[in-house]
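Subject: Structure handover

Hello,

Here is the structure we talked about. Please open it first, then read my notes beside it.

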There are 2 protein chains.
Amino acid sequence: MTNVSVKEQCYLKNPAETKLGERIIGASVQLIAELGFERFTFKRLAAQIGSTEASVYRYFENKHKLLLYLIAWYWTWRFHQLKMLTDDIKDPTEKLEKIIHFLCKPVEVDSNFDYINEIELQEIIVAESIKTLHTKEVDDDRKHGYFSAFKDFIHFISECMNSINPNYPYCHNLASMLIDNIQEQKFNFVHFATISNLSPKKTESDLQSFFSHLIFSTLKSSI
Amino acid sequence: MTNVSVKEQCYLKNPAETKLGERIIGASVQLIAELGFERFTFKRLAAQIGSTEASVYRYFENKHKLLLYLIAWYWTWRFHQLKMLTDDIKDPTEKLEKIIHFLCKPVEVDSNFDYINEIELQEIIVAESIKTLHTKEVDDDRKHGYFSAFKDFIHFISECMNSINPNYPYCHNLASMLIDNIQEQKFNFVHFATISNLSPKKTESDLQSFFSHLIFSTLKSSI
DNA sequence: ACTATCATGATAGCATTACTATCATAATCA
DNA sequence: TGATTATGATAGTAATGCTATCATGATAGT
């Protein structure tokens, strides 16, 4: 894959199509990861890339839309990776194991997109993505389809769960819990060690065994 | 109980001790529930209660601290209710059932605190509380103890889980998942119906059976 | 090669937000 | 009664989140 096309038009002008656009995205990822979304401003962004506020506004209506774009990009990218990874797996249990493993392990940089630092982008997802949901505009944003990459991702997992146990009635909830809570557990491990049992020495494998056990126990016990 | 004392000093002056303080808290709950935290300002709050911005600033350093106060109040209040409710239950399984039930069902107004609308306050918890964690200042805030009411709550549940299955190694993670995700599932049910299997006709009981099954399947299956 | 257009830069400005500071006055407490 | 304290009234300031206008340099079509 050499292109992640974000279908959701949260931009005024496609940043993937111009040099300036790429610089905007690249520097946004870096600055939001560094400063946090609250302190990130278009003024700072423009200064960073040696451009102007006005130019940034030609690509994105505001910083909220820019964040929506980054998140949609992330889930589109991850979905594509995941499909490649699980395409040839027939057994749904094995497939779900693979999915959980994929979600728990830290991302690696993708050489196809040299202007985006995927590791910083994932930090942004863990730290900031939930904020884009919890706004008074969430229903409008959803209607515009800004979250559809994220929803597609959840539906993919949900379907896999359903083929493991067609009688389990809460696959959507279980899948959304998985996605949301992996981010939360990663966050808690770093910032709230007292409410996490993950070992610093094998965080990734603990995280994976926590969720693996949780999901499969749930899917396999009768309701 | 006639008083919820928020130990965490996220205030400059205790709002529970003055008439103006009570008006500040009461109107904050109402305004944040109505406008969302982003659009809520001390100027609007002051106008609402017929006071001034300067006066509000004498109670709280900023609106972030005020939100921390409301959240600490909520968890202190809920913890107190929960302990009363489960105090006489000896069997940990029965106790955890009760806890899950308590968490899933919507709150009721508490006549002990006439200046706070607990129903609006819970809406705030569902919609806004996660934002107080996901900031660059989270480590400072945690060190100041602003989240300790929340952590106490989680530890209480975690201990109950531990007595059900002392060999299960992720009680903290499971308990924090439960608290976090109940809020998220409530939120998703309202705003992302396509990723929720909860029936509009029996949302509360579906929510409860989803989590009940999830938690007990996990605790009872060997790891 | 010539012109039209388009993308970007440069600059200005404005309303709102998030505070801080100062002074006056009313309540209350010793 | 006098001192302290709580609140109100008012002003001001820096930063944020935009919008608008004009100039310029690149590019594309004829």
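Is the crossing of H4(B) and H5(B) left-handed or right-handed? The crossing is right-handed. Please keep in mind that this is a predicted model.

**The H4(B) and H5(B) pair**

Two packed helices are described by the angle between their axes and the distance between the axes. Here, H4(B) packs with helix H5 (residues 92-104) of chain B at an angle of about 140 degrees. Their axes are 10 Å apart. From H4(B), the contact uses Leu82(B), Leu85(B) and Thr86(B). From H5(B), it uses Lys95(B), Lys98(B), Ile99(B) and Phe102(B). By class, these contact residues are four nonpolar, one polar and two charged.

**Lys63(B)**

Lys63(B) also sits in helix H4 of chain B. Is Lys63(B) buried or partly exposed? It is partly exposed, because 17 other C-beta atoms lie within 10 Å, and a residue needs 20 or more to count as buried. Setting aside neighbours within four places in sequence, Lys63(B) is in contact with Phe40(B) and Phe42(B). Now look along the chain to Leu85(B). Lys63(B) and Leu85(B) are 22 residues apart in sequence. In space they are 33 Å apart, C-alpha to C-alpha.

**Helix H1(B)**

Several residues of H1(B) are buried: Ile24(B), Ile25(B), Ala27(B), Ser28(B), Val29(B), Leu31(B) and Ile32(B). An α-helix has 3.6 residues a turn, so residues three or four places apart point the same way. Keep that in mind as you look at the list. What do the buried residues of H1(B) pack against? Their partners in chain B are helix H2 (42-48), helix H3 (53-57), helix H4 (63-86) and helix H6 (118-133). Just after H1(B) comes Gly36(B), with a positive phi of about 85 degrees.

**Where chains A and B touch**

How many residues does each chain bring to the contact? Chain A gives 39 residues and chain B gives 39 residues. On the side of chain A that touches chain B, five elements each supply at least two residues: helix H6 (118-133), helix H7 (138-143), helix H8 (148-164), helix H9 (171-191) and helix H10 (203-220) of chain A. H9(A) has the largest share, 11 residues. By class, this side of chain A has 13 nonpolar, 17 polar and nine charged residues.

**The DNA strands**

Start with DNA strand C. There are 14 residues around it. Leu20(A), Ser51(A), Ser55(A), Ala54(B) and Asn62(B) come nearest. Helix H3 (53-57) of chain A and H3 of chain B each give two or more residues to this surface. H3(B) gives the most, with three residues. The surface near DNA strand C has four nonpolar, six polar and four charged residues.

Now go to DNA strand D, which 14 residues surround. Which of them are closest? They are Ala54(A), Asn62(A), Leu20(B), Ser51(B) and Ser55(B). H3 of chain A and H3 of chain B each supply at least two residues here. For DNA strand D, H3(A) gives the most, with three residues. The classes near DNA strand D are four nonpolar, six polar and four charged.

Best wishes

Methods:
Residues are numbered from 1 along each chain as its sequence is written. Chains are lettered from A and ligands numbered from 1 in the order in which they are written. This is a predicted model: local features need pLDDT of at least 70, side-chain atom pairs count only at pLDDT 80 or more; totals for chains, interfaces and linings use all residues. A residue is buried if 20 or more other C-beta atoms lie within 10 Å of its own, exposed if 12 or fewer, and partly exposed in between; C-beta atoms are placed from the backbone. Helices (H or I, at least four residues) and strands (E, at least two) are DSSP runs, numbered from the N terminus. Two residues are in contact if their C-beta atoms, placed from the backbone, lie within 7 Å. Ala, Val, Leu, Ile, Met, Phe, Trp, Tyr, Cys and Pro count as nonpolar, Asp, Glu, Lys and Arg as charged, and the others, Gly among them, as polar. Axes are lines fitted to C-alpha atoms, for helices over the stretch in contact, and angles run from 0 to 180 degrees between N-to-C directions. A crossing is left-handed if the near helix is turned anticlockwise from the far one by less than a right angle, and right-handed if clockwise. A residue is near a molecule or strand if its C-beta atom, placed from the backbone, lies within 6 Å of it.
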